[in-house]
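Please find below a short note for a colleague who is new to this structure.

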Amino acid sequence: MKGWPANTLFRRCGCVGLLALLWILPGLGADHVRPKPYSPAAAPTITLLSVKGAIGPGVSDYLIRGIESAATPDSQLVLITLDTPGGLVSSLRDINQAILGSRVPVACLVYPSGARAASAGTYILYACHIAAMASATSLGAATPVQLGPMGNEPPEPKPSDNEAEKPVGDSNSQKLERKQLNDAIAYIRALAELRQRNVEWAEKAVRDAATLTASEALEANVIDYIADTPQQLLAILDGKSVAMQGGARILKTENAIVLDRSPDWRARFINLLTNPNIAYILMLLGIYGLLLEFYSPGAMLPGVVGGICLLLALYAFQLLPISYAGGGLLLLGITLLLAEAMLPSFGILGFGGLVAFVLGSVFLVDSEVEAFRIAWPVIALVSVVSLLFFLLLISFVFKTRKLSGVAGAEGMVGEYARVIDGFPGRGRVHFMGENWQGDSEQALNPGQRVRVLGLKGLVLKLAEVKSGDIEPTENQRRGD
């Protein structure tokens, strides 16, 4: 520890503390998923989970932990209330794997009235042991959405007499779309067959983006019940038999204790971080904070804040469908803007950097789900702020280059000193906070202000300040 500068010690302690915080954060919610000890006299319990919004990493983590926490002997049911426009395929599959592997029956209720289980929500509804909907709700439109249009079969080529003009086959993009579509159809068909629900409509929901209301879904054997509230569904399910992997299970929900497991701080925090707009802003704050730290070493605050923001952004991006091309364009844009600040090119590098920055922001998140795209107003605002930031940086660099040197003999010439004694000839002056030897052929009085004309060895060559000379500035007086 001896000999370390205070700034270095503070930074090292800050880095250690940050790493420790990132290490313990995932475990702070462990009590939420730890199974309760078995008690023979314990009353039956029902775990109530609630999902409202897009299906993403935060929702996936929340539902998986909730299903795992319900794996206790006294648990009767996991009830999920669902209202979602869809979400990410990776998160959907993680959720469905947890549902399919659950030792406790899982029921899904599209709730409240006016809610929907669109896209990914339809797959979750099909995966659950029990599917129910409230009145005035809907489900369907489960066609996978990618960057290009898909869900429809590619048009058949027109017949041609010229064999050379006939297409050899589908393009690579059409083959990829067909492959993704068939994979999604096979997935939902497998879920429908497992739960003995309408297989034909499940395929139609994926291929043709079909939708159903609650009453239509019940009539078509897509759902099992219609219930307007979770309490009403629990009353309907009391005494019902549910097919599980280990055999049929009779539900006892009449006097069960409902454990409301609303999203905790961890789920809300992950949802906030995995919002593409938040992750995007955190990444830029991290980059700019580190740049400011590099330009002004020792400031500490920009570096600490930038490091934290950049780590949080990287954690969020590993959970999101990030495009490497978009990230490369974004970094190229920042590099070009920096180059414009350091090597002015009359705006060429700056304009190219701004274009690359905007394009990288647009393509950064590779998803057509509205909730997982960076909003255009955010891109526009951040682009303008970034441009202003680099314009200020350019002006700062120009001002720095115009400043004269302040070190060595060149920085001393033209400065002012105050006479102590000994003139004419060799004497002493007070200059830049220290006493120097000076040489002047003129008679100088103690306390008189003089100008430094040059430096010979460690002796200043001095001249009397005449009445017509310009008054010295504060910067020139700093050594008096």
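1. Tyr 123 touches Leu 92, Asn 96, Ala 142, Ala 184, Tyr 187, Ile 188, Leu 191 and Val 206, leaving aside residues up to four places away in sequence; contact means heavy atoms within 4.5 Å. The model is predicted: local features need pLDDT of at least 70 and side-chain atom pairs pLDDT 80 or more, while totals for chains, interfaces and linings use all residues. Residues are numbered from 1 along each chain as its sequence is written, and side-chain values use heavy atoms, without hydrogens and water.

2. Tyr 123 and Leu 139 touch the most other members of the largest nonpolar core, which has 51 residues. Helix H6 (residues 172–195) gives the largest share of this core, seven residues. A nonpolar core is a set of buried Ala, Val, Leu, Ile, Met, Phe, Trp, Tyr and Cys residues joined through side-chain atoms within 4.5 Å. Buried means under 20% relative accessible area, exposed over 50%, and partly exposed in between (1.4 Å probe, protein chains only). Helices (H or I, at least four residues) and strands (E, at least two) are DSSP runs, numbered from the N terminus.

3. The structure holds nine salt bridges, each a side-chain nitrogen of Lys or Arg within 4 Å of a carboxyl oxygen of Asp or Glu. One of them joins Asp 83 and Lys 52 (3.0 Å, N to O). Asp 83 lies in strand E2 (residues 75–83) and Lys 52 in strand E1 (residues 45–52), so the pair ties together parts 31 residues apart in sequence. Asp 83 is buried at 15% relative accessibility, whereas Lys 52 is exposed at 68%.
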